[in-house]
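Welcome, and please take a moment to look over the sequence and the model below. The report that follows walks through it part by part.

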Amino acid sequence: MKGATTGGIRISDVIAHPLTQKLPRPTVTSWGSYEEVSMVLVEVRTDAGIVGIGETLGRFAPRAYARLIETALKPRLVGQPAASIGTHWAGMRRALSGRAGGMLLEAMSGVDIAPWDILGKTAGLPVATLLGGMNRTEIDVYAAAVNWGPLPEMEAELAALIAQGFPLIKVKMARPVDEAIRRIEAMRRKAGDGIALCVDANWAYELDEAIEVGHALAANGYTWFEEPLAPEIEQGYEELRRRCAVPLAAGESNFTVDQAKRLVTSRTLSVLQPDVARAGGITETRRMADFAGAFDVAYAPHIGMSGIVCETASVHLSAAMPNFRVMECEGDRSPFKTEIADLAPGCLRQRGGKLDVPAGPGLGLMIDWDAVARLRSPE
Ligand SMILES: [Mg+2]
């Protein structure tokens, strides 16, 4: 639809599609085991016939997210110019009178991604170019993840990810601490010196435990220690940073730039990991990445358990942001990545830890609406 007049196109409808998939194998973190997961695909239609796509992180109760989108957000967008993305964001934010966060921000995130897709399709440009320039045509990705479990299984999973060509691999960590340290050392031995490793604890620890694990990670040359503590324990993160040499990473649990402020300005975090389908869409994630860049903190998108739209939006942000470090890339071939769009998932497209950025207009995705119908969440 290149050549259409961007300013004249108006949003005519916002449709939320709640989707549920069974995972090819359970994802096991310190929180437990996930056997199925949900999301919401957001479709924003315009009076010019151009359709934009977004994705909302809604792992559970996807129908509740869809209802939130269609009742609280849609009325604020229908009839508005599609290109007024910042205005849409501010208008949707006003649907929640309290502090930013929770389901509403996740719902907004999916709705915010779609007009970027529309704008790109209208202009005939990739979203990365709209975000300030295609600064790289391929991006670095890392493998996520080796699941927490019995050591032989973890070693087998690590070997499989090494065989896929990833130079940086994430390992899930949990309690107890002595078992964690045993795995940290064993994974390093198995990987050798040529493969970089990082760890994700998904808030498994209290501060004293995290300090102990952090020392083991530093001693074994790990690249980062992700979410060692609950995201609210900001002074704990600061103390951990003072006491351990291992770089800290977090951000997937944060909403908006405001929730990243303290740990970025103090440079407690070395790596900020917002999820575009949770933190506030492309609009807010770009703000967060820019903000991190101003304090010499790297941007590394989180896409865990997401679909192909979240992944692809993150690829465009990665291509554009100057402080981009590396993007998460899931090894599993879940239906949310393999079935709902024509673009193969990152784990299939990556070669030696590099992933091409889609060069077509918008996000560069063609949705398979039959697959969307097939994956629709049960009543
Ligand atoms: Mg994580």
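A residue is called buried when its relative accessible area is under 20%, exposed when over 50%, and partly exposed in between. By that rule L104, at 8% relative accessibility, counts as buried. Please keep in mind that this is a predicted model.

**A helix and one of its leucines**

L104 lies in helix α3. Leaving aside neighbours within four places in sequence, L104 is in contact with L68, L73, M92, A95 and L96. G52 is 52 residues away from L104 along the chain, and the C-alpha atoms of the two are separated by 20 Å.

What length should helix α3 span, and does the model agree or disagree? The helix has 22 residues (102–123), so at 1.5 Å a residue it should span 32 Å; the end C-alpha atoms are 33 Å apart, which agrees. Because 18 of the 22 residues of α3 are buried, this helix is largely enclosed by the rest of the structure. Following α3 comes G124, with a positive phi near 70°.

**Two domains**

The protein is divided into domain 1 (6–124) and domain 2 (129–363). Their C-alpha centres lie 23 Å apart. How many residues of each domain are in contact with the other? For domain 1 the number is 41, and for domain 2 it is 47. The area buried between domain 1 and domain 2 is about 3,500 Å², with carbon and sulfur atoms giving 63% of it. On the domain 1 side, R25, E55 and W116 lose the most area to domain 2, together 18% of what that side buries. Across this interface the rule finds 2 salt bridges.

**The magnesium ion**

Which residues coordinate the magnesium ion? They are D200 (OD), E226 (OE) and E252 (OE), at 2.0 to 2.1 Å. In sequence these donor residues follow the spacing D-x25-E-x25-E.

**Salt bridges**

Side chains of opposite charge can pair when their charged atoms come close. A search of the whole structure finds 22 salt bridges.

| Salt bridge | N to O distance |
|---|---|
| R243 and E239 | 2.8 Å |
| E379 and R63 | 3.5 Å |
| E311 and R349 | 3.6 Å |
| D258 and R99 | 3.8 Å |

R243 and E239 are 4 residues apart in helix α8 (residues 234–243), and so are separated by about one helical turn. R243 is partly exposed, with a relative accessible area of 46%. E239 is partly exposed as well, at 26%.

The side chains of E379 and R63 meet in a salt bridge of 3.5 Å. E379 lies in the segment after α14 (369–374) and R63 in helix α1 (residues 62–77), so this pair ties together parts that are 316 residues apart in sequence. E379 is exposed, with a relative accessible area of 85%, whereas R63 is partly exposed, at 28%.

The side chains of E311 and R349 also meet in a salt bridge. This pair links helix α11 (residues 308–320), which holds E311, with helix α13 (residues 346–349), which holds R349, 38 residues apart. E311 counts as buried, at 0% relative accessibility.

**Backbone details**

The peptide bond from A144 to A145 is cis, with omega near -5°; A145 is found in strand β4 (residues 138–146). The bond from R175 to P176 is cis too, with omega near -5°. P176 is placed in the loop between β5 (168–172) and α6 (177–191).

T256 is not a glycine, yet has a positive phi of about 65°. This residue is found in the loop between β8 and α9 and is buried, with a relative accessible area of 6%. R267, also a residue other than glycine, has a positive phi near 50°. R267 is found in the loop between α9 and β9 (271–272) and counts as partly exposed, at 31% relative accessibility.

Methods: Residues are numbered from 1 along each chain as its sequence is written. This is a predicted model: local features need pLDDT of at least 70, side-chain atom pairs count only at pLDDT 80 or more; totals for chains, interfaces and linings use all residues. Side-chain values use heavy atoms; hydrogens and water are left out. Donors are N, O and S atoms within 2.8 Å of the metal (3.2 Å for Na, K and Ca); water is not among the atoms, so sites may look incomplete. Helices (H or I, at least four residues) and strands (E, at least two) are DSSP runs, numbered from the N terminus. The expected span of a helix is 1.5 Å times one less than its number of residues. Buried means under 20% relative accessible area, exposed over 50%, partly exposed in between (1.4 Å probe, protein chains only). Domain bounds come from an automatic or database domain assignment. Contact means heavy atoms within 4.5 Å. Buried area is the accessible area (1.4 Å probe) that two parts lose on being put together, summed over both. A salt bridge is a side-chain nitrogen of Lys or Arg within 4 Å of a carboxyl oxygen of Asp or Glu.
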